[in-house]
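Have a look at it first.

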Amino acid sequence: MGLLSASVTIARYLVDGKVKDPFFETVQGGLTQHSFRETEGGGPEKAVGWTPFQAPFVPDFEAHSCVIGSHLLFCLRIDKKTLPPKVVKKHVALETAKRLRESGRDYLAREEKRMVREAVESALLVRIPAIPNLYEVLWHYDSGVVWFFSTQSAAREELETLFSRSFQVRLISLFPFTMADLTSGLGPREKDALMTLRPALFVE
Amino acid sequence: MLDVSVSYSRYRFLGPEFLTYLWYLTESDPDAVTTASDGKVSLALGRSIVLENRRRDDVERVTIKGDEAQMDEAMLALKKGAVVTQMHLNLEIGEMTWSFSVRGEDLAVTGLKTPPGAPLESPDELEAAILDKAALCEKPLELVDGLFQRFIRLRVSDAWHGEVIPAMRRWLDKTPG
């Protein structure tokens with residue numbers, strides 16, 4: 001549900017800290033260093049990296065600027081290989097039958113079964129393509145607010161980790177308490193009161 | 001500042017309280033949201049609302065979708081002690097209309113539909129379209145932030161228990177449901 005979609009989803013963050021000067025060079029360097037690397041073939045189960053908004057499948061930040069007005073717009077790309085359980089089950093059964101036939105035994109030990117499953121999964125992971133998922137990131141660099149166009153927990157965790165690794169600043173998720181504490185302009189006494197709040201009862 | 005995960009859990013009641021207060025505000029004091037200077041502003045409960053009642057050992061969740069008559073069921077849940085955990089809202093500013101849902105847990109906006117922005121007819125117009133859409137998305141977020149600031153200032157003040165809670169109870173008592 002990205003920015004230009006008909007239906008948009010936005011979770012917000014506050015950038016905690018100052019990006020090292022010169023700002024744009026630091027950001028460009030972080031995006032390039034942690035840009036997405038393809039994982040086809042024998043790559044890992046999951047790959048994560050930045051891609052340009054304009055060309056999410058050709059991650060070249062030299063060719064595509066992410067600066068748009070007072071915003072930076074780019075994508076978090078997460079490619080994941082997911083093995084269908086029924087396919088795994090079929091290949092485990094085939095491999096088990098083959099090993100039993102070759103060894104002349106009636107059953108495999110628990111450890112052997114585990115090794116068969118791991119070998120099957122490794123072989124299948126090499127053969128299947130990873131499924132790409134794109135999540136847009138809009139960074140309002142004047143205000144230090146980041147919009148992430150997804151509320152999926154797994155994607156948000158990847159964003160927080162990669163953002164910190166790329167730009168050496170932390171993202172603070174904005175939810176009611178952090179909004180109250182950090183962006184609502186409460187004074188010291190009001191913040192003290194905030195810490196002592198307990199759930200209210202709207203009915204007697 | 002408290003650890004983020006600790007504060008998320010310890011104060012997770014704030015979001016549902018805010019949405020419950022927001023429902024009360026849109027019905028009992030609609031002028032509270034008509035503060036923008038660039039035209040008439042109105043905010044109203046939209047086509048769905050989700051409530052949760054955690055006052056017992058288990059969590060009772062009520063999801064209401066539909067017209068005003070069915071909102072009576074939501075009001076009934078509220079009267080039984082539930083709070084709003086997600087609500088769909090319609091925002092009008094002048095001639096323009098936004099619709100979106102707000103989640104209590106993080107005040108994330110989902111399903112946001114904005115007024116039409118600048119048309120994107122060629123790649124050269126991409127930047128203008130992005131800026132235009134970002135500005136359109138900003139409006140409901142600004143409004144929610146402004147209303148949340150109003151809520152949280154009240155919530156940490158003596159007026160919350162002295163004025164707001166009694167007023168909300170009177171609203172609940174007189175509203176059918």
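Of the 177 residues in chain B, 32% count as buried, where buried means 20 or more other C-beta atoms within 10 Å of a residue's own, exposed means 12 or fewer, partly exposed is in between, and C-beta atoms are placed from the backbone. This is a predicted model, in which local features need pLDDT of at least 70 and side-chain atom pairs count only at pLDDT 80 or more, while totals for chains, interfaces and linings use all residues. Residues are numbered from 1 along each chain as its sequence is written, and chains are lettered from A and ligands numbered from 1 in the order in which they are written.

**Chain B layout**

Chain B has 5 helices and 5 strands, which run α-α-β-β-α-β-β-β-α-α along the sequence. Helices here (H or I, at least four residues) and strands (E, at least two) are DSSP runs, numbered from the N terminus. The C-alpha atoms of chain B fill a box of roughly 55 × 40 × 30 Å along the principal axes.

Helix H2 (residues 14-28) of chain B spans 20 Å from first C-alpha to last, close to the 21 Å expected at 1.5 Å a residue; that expectation is 1.5 Å times one less than the number of residues. Because 11 of its 15 residues are buried, H2(B) is largely enclosed by the rest of the structure. Among the buried ones are B:Phe18, B:Tyr21 and B:Trp23. Their cover includes H5 of chain A, along with strands E1 (41-53), E3 (83-93) and E4 (96-103) and H4 of chain B.

**Where the chains meet**

In total, 35 residues of chain A are in contact with 40 residues of chain B, with contact meaning C-beta atoms, placed from the backbone, within 7 Å. On the chain A side, H5(A) gives the most, with 6 residues. By class, that side has 23 nonpolar, 9 polar and 3 charged residues. Here Ala, Val, Leu, Ile, Met, Phe, Trp, Tyr, Cys and Pro are nonpolar, Asp, Glu, Lys and Arg are charged, and the others, Gly among them, are polar.

In E5(B), B:Leu112 is the bridge partner of A:Val8.

The largest nonpolar core has 81 residues, and A:Ile10, A:Phe74, A:Val137, A:Phe148 and B:Leu51 have the most contacts inside it. Such a core is a set of buried Ala, Val, Leu, Ile, Met, Phe, Trp, Tyr and Cys residues joined through C-beta atoms within 7 Å. Helix H4 (residues 126-155) of chain B gives the most to this core, with 9 residues. Beyond its neighbours within four places in sequence, B:Leu51 is in contact with residues including B:Val62, B:Leu78 and B:Val84.

| Residue | Phi | Location |
|---|---|---|
| A:Gln168 | about 55 degrees | loop between helix H4 (153-167) and E7 of chain A |
| B:Leu107 | about 55 degrees | loop between E4 and E5 of chain B |

A:Gln168 is partly exposed, with 13 other C-beta atoms within 10 Å, whereas B:Leu107 has 22 such neighbours and counts as buried. Elsewhere, a cis peptide bond joins A:Asp21 and A:Pro22, with omega at about -5 degrees. A:Pro22 sits in the loop between E1 and helix H1 (23-33) of chain A.

Note on methods: Two residues are in contact if their C-beta atoms, placed from the backbone, lie within 7 Å. Two strands pair if DSSP finds at least two bridges between them.
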